[in-house]
Amino acid sequence: MSAAALAAPPRFRGRMPLLRFLRTLKDSSVATYGEEMFENAIVERRVLWQRYLIVNAPRGIQRVLLDNAGNYVKSRVARRLVEPGIGRGLLTSEGEAWRRQRRIMAPSFDHRSLMSYAPVMTEATAAVLARWDGLGDGAPLDIAVEMMRLTLKIIASTMFSADAEEVGPIVEEAVGRYQREVRPGLLDLLNLPDWWPRPSTRPWSHIFDRLDAVIDRLMARALGGSAKSKDLLARLLDARDAETGRGMEPREVRDQVVTIFMAGHETTALALTWTWYLLSQHPAEEKRFHAELDRVLGGRAPSFEDLARLRYTRMVLEESMRLYPPAHTMSREAVAEDEIEGHRVAKGSVVSIVPWVIHRHRLLWERPDVFDPERFAPERASARPRFAYIPFGGGPRICIGMGLAMTEALVILAMLGQRYRLRLAPDGAVEPVGLITLRPRNGLPMLLERR
Ligand code: HEM
């Protein structure tokens, strides 16, 4: 399969006229990136009075995310999109509040915790397999929807264990509405200050009301000591700051629960969706993937220990997140003036880091548009600049759920790939669109094929 056949929005040359730029940005921000992205370490854009800097070099990215991370806070645009529903969880908090939350939450995502969450992943994937077995060969599926439901089920079971059945549909409704209805408005894109008058109620500010009521009830029960298991909710409620001995307030725990749902399930589902798409387009790599599953697992469901032995499967997943990074853009705002790669960064500039661009950069990757999992063989991966590959971000604010996401995605790929091959449905046009995440515009219709 030639590289040209892979789905990517067309790149353009030169500057887009303002109106077209704004229209494109609202539809899919990744479609606004043109060839000029590969010509400079920093590309400056101005939308009326707001300066946007796009950093396209690993050293510059390292400066923003790691070396001078204290100077770059989450941008107002990003905050305004997520805070009305999600509140001040780990994704949006800053400064001492963020450091405290991160310290308290880190143990809930460590290796031991991941091991305890793994059985939920196998169980939920086995239920999907059972349903697929009932559909039969050639059955059409929207794999984007399938992966979204599965990762939602897994995060709901990890969070609420016994109550996942009851909470799942409520989370699904809230998250679905959030994804459909939340769009940046023009006022957001212009990065106007918080005091600027805006329409008084955001249409999406009540999306989480039903979910909030359930979380409140489950938290009250867990605090009353009647919950049976050590699910993620119980861990968050029990967690204490090693420095002060204090835990999180109930409102903070609520914000973390919603944050984890929002940050954790769609991204993982998209990583899987794009992986199935890429495998369907590359029969040789797909064959190697299947051979590894057969050799390592011999038909069993994977144990947590097996995952470390699924080396090629991991490389496939990593290469898929290179070509289709679910979190395609990160943005920050400069607190004070700085210099990146010889370029002056004025105070208040919005600085974007775009995995979608850096992962396909011509100067960093050989044949960047070609799907080649071998790039992630350890010796080749270690020869690359560290910030050339950043699907989970980097520095202190690197994704806290990275281990959870990798574990979950490997379990799902291994179990479904052992029994099924997925074929792109005839005429299934695939187009990535980047809004908050990078999704296939029309879902991903595929056909089931039993191996
Ligand atoms: C393939 C799946 C995932 C991808 C690609 C992904 C990507 C990212 C990225 C790029 C960031 C950094 C954002 C920034 O610096 O602006 C981030 C942060 C975060 N992610 Fe993930 N993520 C994934 C899965 C998860 C999961 C499973 C969870 C939770 C269960 C999660 C929870 C979070 C949280 C809470 C943060 C904020 C961390 C902080 O600021 O300290 N993510 N993620």
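Student: Where does His-282 lie in the chain?

Tutor: In this predicted model, His-282 sits in the loop between helix H11 (250-281) and helix H12 (283-297), where helices (H or I, at least four residues) and strands (E, at least two) are DSSP runs numbered from the N terminus. Residues are numbered from 1 along each chain as its sequence is written. Because the model is predicted, local features need pLDDT of at least 70 and side-chain atom pairs count only at pLDDT 80 or more, while totals for chains, interfaces and linings use all residues, and side-chain values use heavy atoms, with hydrogens and water left out.

Student: Is His-282 buried or exposed, and what does its side chain reach?

Tutor: Buried means under 20% relative accessible area, exposed over 50%, and partly exposed in between (1.4 Å probe, protein chains only). His-282 counts as buried because its relative accessibility is 7%, and its side chain reaches the backbone oxygen of Leu-278 at 2.8 Å.

Student: Which residues is Thr-437 in contact with, leaving aside its neighbours within four places in sequence?

Tutor: Contact means heavy atoms within 4.5 Å, and on that basis Thr-437 is in contact with Glu-266, Thr-267, Leu-270, Pro-326 and His-328. A polar contact is a pair of N or O atoms within 3.5 Å; within protein, one must be able to donate a hydrogen and the other to accept it, and residues adjacent in sequence count only if both atoms are side-chain atoms. The side chain of Thr-437 makes such a polar contact with the side chain of Glu-266, at 3.0 Å. Thr-437 is found in the loop between strand S10 (432-434) and strand S11 (438-440), and with a relative accessible area of 7% it is buried.

Student: How many salt bridges does the structure hold, and which residue forms one with Arg-149?

Tutor: Side chains of opposite charge can pair when their charged atoms come close. A salt bridge is a side-chain nitrogen of Lys or Arg within 4 Å of a carboxyl oxygen of Asp or Glu, and the structure holds 34 of them. Arg-149 forms one with Glu-172, the closest N and O atoms being 3.0 Å apart. Arg-149 lies in helix H6 (residues 143-160) and Glu-172 in helix H7 (residues 164-181), so this pair ties together parts that are 23 residues apart in sequence. Arg-149 is partly exposed, at 49%, and Glu-172 is partly exposed, at 34%.

Student: What separates Arg-322 and Glu-319 in helix H14?

Tutor: Arg-322 and Glu-319 form a salt bridge whose closest N and O atoms are 2.7 Å apart. Being three residues apart in helix H14 (residues 311-323), they are separated by about one helical turn. Arg-322 counts as buried at 0% relative accessibility, and Glu-319 likewise counts as buried at 0%. Elsewhere, salt bridges that share partners join Glu-96, Arg-99, Arg-103, Asp-241 and Glu-243 into one network.

Student: Which residue in the loop between strand S6 and strand S7 calls for a look at its phi?

Tutor: Most residues other than glycine have a negative phi. Glu-341, in the loop between strand S6 (338-340) and strand S7 (343-345), has a positive phi of about 50° although it is not a glycine. Arg-367, in the loop between helix H15 (355-358) and helix H16 (378-382), has a phi near 40°, also a positive value in a residue other than glycine.

Student: Which protein residue is the donor to the iron atom of the ligand?

Tutor: Donors are N, O and S atoms within 2.8 Å of the metal (3.2 Å for Na, K and Ca), and water is not among the atoms, so sites may look incomplete. The iron has a single donor from the protein, Cys-399 (SG), 2.3 Å away, and Cys-399 is placed in the loop between H16 and helix H17 (402-419).
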